[in-house]
Amino acid sequence: MSDRHPMTGNEMSGSERGGLERHSYDVVVIGAGGAGLRAAIAAHDAGARTAIVCKSLLGKAHTVMAEGGIAAAMGNRWPEDNWEVHFRDTMRGGKMLNNWRMAQLHAQEAPERVQELEDWGALFDRTEDGLISQRDFGGHRYARLAHVGDRTGLEMIRTLQQRAVALGIDVFMECTVTELLKEGGSISGAFGYWRETGRFVVFDAPSVVLATGGIGKSFKVTSNSWEYTGDGHALALRAGASLINMEFVQFHPTGMVWPPSVKGLLVTESVRGDGGILKNSEGKRFMFDYIPEFFKAETADTEEEADRWYDDKKNNRRPPELLPRDEVARAINSEIKAGRGTPHGGIYLDIASRRSPEYIRKRLPSMYHQFKELADVDITQEPMEIGPTCHYVMGGVEVDADTELSGVTGLYAVGECSGGMHGSNRLGGNSLSDLLVFGRRAGEAAASYAEGLGGQRPSVSEDDVKAAEQAALAPFESEGGENPYSIQQDLQQSMNDLVGIIRTGQELSRSLEEIEAFKGRAGKLSVEGHRQYNPGWHLALDLRNMLLVSECIAKAALAREESRGGHTRDDFPMTSDSWGTKNLVLRLNAAGDGVDLAEQPLPVMPEDLQTYFESK
Ligand SMILES: Cc1cc2nc3c(=O)[nH]c(=O)nc-3n(C[C@H](O)[C@H](O)[C@H](O)COP(=O)(O)OP(=O)(O)OC[C@H]3O[C@@H](n4cnc5c(N)ncnc54)[C@H](O)[C@@H]3O)c2cc1C
């Protein structure tokens, strides 16, 4: 037969045309964001037969939404910038809970990865001297974010995607992976379905790289898109890997609050980096009241000094609007709670009174259009109304820093679905660089492992494939049950109310009870119709992951009795020294229906790196 596969162009097997479709690769990368694409390119370059599987269209991953830039100590604006300062900023931003080795590799390798993107055709904004332009972001000592206006993610994806396609890497798009397959303790492949036809597909591969992004869709107000249902986190747990840092969820300080249809949509930090300030309903620039002890030495405490910083960044302290995100989000939350919010329950972000309309339109074109078209607000003339929005999860699959290998042989994780790099709080711009640095490392390691196996690849068990089919079809089995949308809506509301930006032990305990109840409801849900493009069925499958990941967040948040980074406890408002020495690790429980939690000491930072916190 000469039938060719519609996506790959490869000849299809007999069963592909009728029932189960099968493919065989050395490395399968799940996810086509920055992390997945970079990993796939590296695996291909290392000689592995590589495929990318993604549940949305190629080019439509979350990375495309990234606005501000890629953090890398290139020193183009400030020659005194270097990897040591970037490393120090990253660790301090994460409140020292980061995996130090990941933070080190990230700071050391990010400049090379950005340069490489340019070599592959990315068109960055330039300095007057023709170098890649770098902009200011919160928590970074120097202007460090390589950017393309406020559409950096789009350019990054365009470049990586073009390269991946040019290299001939096979892409399976609109294909969702629902299970990882193993033989013994090792990965043997992945199981999924085509979203359009509902047909099942098995990927035979000894190396699988998870690059599935974040978890934001478990929360009601979020900057994240529909894809962020924590699939990679849940797939890893079910395969036997562990998650760390799950209590740390970043609430970005500035999301839109109005109109309701776009509540949570991101307002990039570049607005503040380019001079925007925060004011309450009384017109007060309130961030001066919220400078924590930890950052006092380097933060301006008068408006005059804060404003001078934009002209001479070397000799002046930074404006308090550019404190790390957790600090700014908490301050905004406090102002709103104290009754000094805007009519729509936010705070004002004002760049109109501080920069010319031409400057704003040039530096922030997407923000200008976003507010004009969605809220009928001209940001060159009037302030924006903004409030915190669930944005990023610091927690993810626990991996080896150098190779991104999880606790399961053959399973790698990279990008937002991996944990450790950002500790308790990520600095803006450090995600895009994370994707590039660790994407490359994961791809190389996954290819090398597959090659080392020679002919001794773990094989896919037909029983496991049958079980995966049955699990995927379960939502069609029961009749008259609840639909998945109502459960998802209740979960999102519950996570927002009980596991949000400010938490208490009582609320977290309640959230765990509610999650158990949602699980019970999800076990009995039913979906209508058949397998051909059926969004209700897709959601029913995603919901399993959202519930498992939500449980991880709530359980770890309840256990960590302190406030640190993206985890604020009203009943434990201080940062505790004893909690500063350990991580919380989650694994699937013996029954396979929830997670167990354990404490784990942080890896010890070598002495030569410790000196950076004393002298720079
Ligand atoms: C609005 C916005 C602006 C941002 N701006 C910045 C910025 O300026 N700088 C910065 O550093 N960070 C920024 N971030 C964060 C950053 O964009 C993300 O953390 C990063 O892009 C995540 O990349 P990723 O490759 O890990 O995941 P993604 O880019 O989301 O890719 C995930 C991929 O996994 C696929 N997938 C998921 N589940 C499955 C499954 N079960 N089966 C198959 N495929 C699956 C998806 O289809 C997708 O292709 C921003 C985030 C947002 C929301």
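A: One term before we start: two strands pair if DSSP finds at least two bridges between them. Helices (H or I, at least four residues) and strands (E, at least two) are DSSP runs, numbered from the N terminus. This is a predicted model, where local features need pLDDT of at least 70 and side-chain atom pairs count only at pLDDT 80 or more, while totals for chains, interfaces and linings use all residues. Residues are numbered from 1 along each chain as its sequence is written.

Q: OK, then which residue is the bridge partner of I244 in β19?
A: I244 is partnered with V585 there. Strand β12 (residues 243-244) and strand β19 (residues 582-588) run antiparallel and are joined by two bridges.

Q: And what is the strand order of that open sheet of four strands?
A: The order is β17-β12-β19-β20, and the pairing is antiparallel. β17 (396-397) and β20 (595-601) are the edge strands, each pairing on one side only.

Q: Which strands does α16 lie across?
A: β12, β19 and β20, and α16 runs at about 50° to β20. As for the angle, axes are lines fitted to C-alpha atoms, for helices over the stretch in contact, and angles run from 0 to 180 degrees between N-to-C directions. Contact is counted when the C-beta atoms of two residues, placed from the backbone, lie within 7 Å.

Q: Now the core. Which residues touch the most other members of the largest nonpolar core?
A: V27, V28, V209 and L210, out of 171 residues. Helix α16 (residues 535-559) gives the largest share of this core, 15 residues. A nonpolar core here is a set of buried Ala, Val, Leu, Ile, Met, Phe, Trp, Tyr and Cys residues joined through C-beta atoms within 7 Å. Buried means 20 or more other C-beta atoms within 10 Å of a residue's own, exposed means 12 or fewer, partly exposed is in between, and C-beta atoms are placed from the backbone.

Q: What does V28 touch, not counting residues up to four places away in sequence?
A: A51, V53, A190, F203, A205 and V208.

Q: How is the protein divided into domains?
A: Domain 1 is 254-390 and domain 2 is 469-576, with bounds from an automatic or database domain assignment. Their centres, taken over C-alpha atoms, are separated by 31 Å. The contact takes five residues from domain 1 and five residues from domain 2. On the domain 1 side, helix α9 (residues 325-337) supplies the largest share, four residues.

Q: Back to strands: why is β9 described as largely enclosed?
A: Eight of the nine residues of strand β9 (residues 186-194) are buried, so the rest of the structure largely encloses that strand. Eight bridges join β9 to strand β8 (residues 175-183), antiparallel, and T176 stands opposite Y193. β9 also has five bridges to strand β10 (residues 200-204), again antiparallel, where F191 partners V202.

Q: Which residues take a positive phi in those hairpins?
A: In the hairpin of β8 and β9, with two residues between the strands, G184 has a positive phi near 60°. The hairpin of β9 and β10 has five residues between the strands, and there G198 has one near 80°.

Q: Last one: is E479 buried or exposed?
A: Exposed, because 7 other C-beta atoms lie within 10 Å. E479 is in the loop between α13 (462-477) and α14 (484-498). Its C-alpha atom is 8.1 Å from that of L525, 46 residues apart along the chain.
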